[in-house]
Amino acid sequence: MAAVIVTAACAPLAVQAQDAARRELATRIVNLQKAQDMDALIAQLADTANRAVVDAWMPRLGRLPAAKQKTAASQLDAELKKFNDDNMRLIKSRNDRISVDVLVPAYAEKFTADELRQLVAFLESPVIRKYYAANPQLANLLAEKLVEATRADVEKRIKAFDARAASILGVKN
């Protein structure tokens, strides 16, 4: 009877220790991801804000007299760069906190301690580090070749769209 009571009393402690180990491993995974995967997400989120600002102000720039457009465009470019840099810093700082708050419990819930150890080993392995280091260059190479392969067709589609848009608006293309 005493053995049953001791076993029952120790069971919650074992579960707590497992949960703590999983949380610690999940935290390591999130921190490893922040070093690799999060930059693209942060840039994408900042770019969304940039596009909203550009979309709002480009038509106004087009309404300026031609003599003022170049100077105004230069000044707006400088302001847009400041805006983007500020947003990148903001999003990165919030991501550092929020990613831990959101992802650590999610990883700890969805993966066993052994699976989390395997993920940590994978993310810390030299081959994945080499992959992450090479990936931007390889992605640029792919993008360059993809643009080359599609440029003529995309340009035809742009011209066709421009003709249809001009027709719809009743203006010359």
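Is the crossing of α2 and α3 left-handed or right-handed? I took this up at the start of my notes on a predicted model, and I recorded the crossing of α2 and α3 as right-handed.

**Entry: the pair α2 and α3**

I looked up the geometry of this pair next, and found that α2 and α3 pack with their axes 8 Å apart, at an angle of about 150°. Since angles over 145 degrees count as roughly antiparallel, I therefore noted α2 as roughly antiparallel to α3. I then went through the contact of α2 with α3 by residue class, where I listed 17 nonpolar residues, six polar ones and one charged residue.

**Entry: the largest pocket**

I turned to the largest pocket, for which I wrote down a volume of about 210 Å³.

I went on to helix α4, residues 113-124, and helix α5, residues 126-169, whose axes come within 5 Å and cross at roughly 55°. I therefore described α4 and α5 as oblique to each other. Which residues of α4 meet α5? On the α4 side I noted F122, L123 and E124, and on the α5 side the residues they meet are P126, I128, R129 and Y132. By class, I recorded five nonpolar residues and two charged ones in the contact of α4 with α5, and no polar residue.

**Entry: looking back**

Reading my pages again, I set the two helix pairs next to each other: α2 is roughly antiparallel to α3, whereas α4 and α5 are oblique to each other.

Terms used:
Residues numbered from 1 in each chain as written. Predicted model: local features only at pLDDT ≥ 70, side-chain atom pairs only at ≥ 80, totals over all residues. Heavy atoms only, no water. 1 Å grid on protein atoms, 1.4 Å probe; cavity = no way out; pocket = protein on both sides within 12 Å on 5 of 7 lines; lining within 4 Å. Points joined across faces, edges and corners; volume = space filled by probe spheres on them. Axes fitted to C-alpha atoms, helices over the stretch in contact; angles between N-to-C directions. Helix = DSSP H or I, 4+ residues; strand = E, 2+ residues; numbered from the N terminus. Parallel < 35°, antiparallel > 145°, perpendicular 65-115°, else oblique. Left-handed = near helix turned anticlockwise from the far one by under 90°. Nonpolar A, V, L, I, M, F, W, Y, C, P; charged D, E, K, R; others polar. Contact = heavy atoms within 4.5 Å.
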